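My notes follow as numbered points.

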Amino acid sequence: MNMITEPAPDTTSSAGTGDHPATDRCPATTVSPIGRSGRRARQFVLRTPGGALSLRVRARALLVGTALLLAAAAIAVVNLSSGDFPIPVGDVLRSLIGQGDPGTDFIVHELRLPRALVALLVGAALGASGAVFQGLTRNPLGSPDFVGMTVGAATGALVVILLLDGSGLQVAVGAIVGCVLTSIAIYLLAFQRGTQAFRLILMGVGVSALLEALNSYLIVKGRLDEALAAQVWLIGSLGGRGWTEVTIVAITLAALLPAVVHYGRHLNMLALGDDTATLHGVRVERSRAVLALASVGLAAGATAAAGPIAFVALAAPQLAARLTRSPGPGILPAAAMGAALLAGSDWAAQRVLPDNDIPVGVVTAAIGGLYLTWLLAREWRRGR
């Protein structure tokens, strides 16, 4: 599709890369386009001939998002080339385009590629989900990890593993059902003439604590072999993941990410308050419900494929926002950051300890703990 570009007017605003169509019926005139640095963000509009479709893009967000995607892809290629049977990067690339020898094709396509793809897709889903949750709750701690979504998914998976003796795809289905039911329960408990961010977070923390207690009870009552398998699943791991998990998370992203990006342009308006958003034509409850459900679905799909991997959904949106210097959550940059973070963590999980492949959830928890400590210390110094 041929595109033409033109400078975007300074009176409009956006909060991400390509997730704010310029054809919005209510231009965001009340949100400043000035970034975190205090400088005006450079924007331009991609418009089809005739103006049937147009897209406003921040130049810096586009560059950062592209760089993050390239970094994630490069890390994935390194993961494909390294292991017990090292393969030169050139041979890996030739195998990926269908010109490799049979031995290389078997190692790359059958043994390593599914795990690398699961890392990229799960990271992207968690990054996008975290960006939406933090935008809806207007809180840097408002990620699926902290409001109980992944804990609910873990409960659903444990019920299948320990009580129903299921495995594989059944565990994934149990995780999705558990995550969705948990989110519905939190929403209903927090609903009182509408929903408020602080009520969602508090209800999420309370429900998460209850479900963690239930998870511990289920593990204690399970048989030893089942309890060990359940505990490994609870840590979050990419080991042994195959094309079934790739399909689960790929379908989740393909189905929900477009809706998240489309409704994501309302996040800045919702951040100004329900009354202001309504005055600018935003259907507050519908937008909030669609974003919340889609975000829950992304977190559920990611957890079903790899287990409850911690801190990626928390850190990816904030790191991406710092790089893009955007005043709001950029969903696509956050997804790219999540993919790069989880791919890099997976490399560390396989290579940090010699002859030991540790669950990737251990690496993300260690890195996330340091990040959370820095974040809380920074907020404390600011007096929040």
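How much space lies in the largest cavity?

1. The largest cavity holds about 40 Å³ of space, and a search of the whole structure finds 1 cavity of 30 Å³ or more. Here a cavity is a set of points, on a 1 Å grid over the protein atoms alone, where a 1.4 Å probe fits but cannot get out. Grid points are joined across faces, edges and corners, and the volume is the space filled by probe spheres set on the points.

2. The lining of the largest cavity comprises 10 residues, and the closest to its centre are Ala 320, Ala 321, Thr 324, Gly 330 and Pro 333; lining residues have an atom within 4 Å of a point. Helix 12 (312–324) and helix 13 are the elements that give two or more residues to this lining, with helix 12 giving the most, 4 residues.

3. A word on the basis of all this. The model is predicted, so local features need pLDDT of at least 70 and side-chain atom pairs count only at pLDDT 80 or more, while totals for chains, interfaces and linings use all residues. Residues are numbered from 1 along each chain as its sequence is written, and side-chain values use heavy atoms, with hydrogens and water left out.

4. Overall, the protein has 14 helices and 3 strands; these are DSSP runs numbered from the N terminus (helices H or I, at least four residues; strands E, at least two). Of its 384 residues, 51% count as buried, meaning under 20% relative accessible area with a 1.4 Å probe, protein chains only.

5. Helix 8 (residues 243–264) is worth a look. Its 22 residues should span 32 Å at 1.5 Å a residue, and its end C-alpha atoms are 30 Å apart, which agrees; the expected span is 1.5 Å times one less than the number of residues. A kink of about 35° lies at Leu 256, shortly before Pro 258 (the angle between axes fitted to the seven residues ending there and the seven starting there).

6. The buried residues of helix 8 include Glu 245, Thr 252 and Tyr 263. Its buried residues pack against helices including helix 3 (102–137) and helix 11 (284–306), where contact means heavy atoms within 4.5 Å.

7. Finally, Thr 364 in helix 14 (residues 360–381) is buried, with a relative accessible area of 5%. A polar atom of the Thr 364 side chain lies 3.1 Å from the backbone oxygen of Gly 361. Not counting residues up to four places away in sequence, Thr 364 touches Ile 309, Ala 310, Phe 311, Val 312, Leu 342 and Ser 345.

Key:
Buried < 20%, exposed > 50% of the residue type's maximum accessible area, 1.4 Å probe, protein only. Polar contact = N/O pair within 3.5 Å; in protein donor to acceptor, adjacent residues only side chain to side chain. 1 Å grid on protein atoms, 1.4 Å probe; cavity = no way out; pocket = protein on both sides within 12 Å on 5 of 7 lines; lining within 4 Å.
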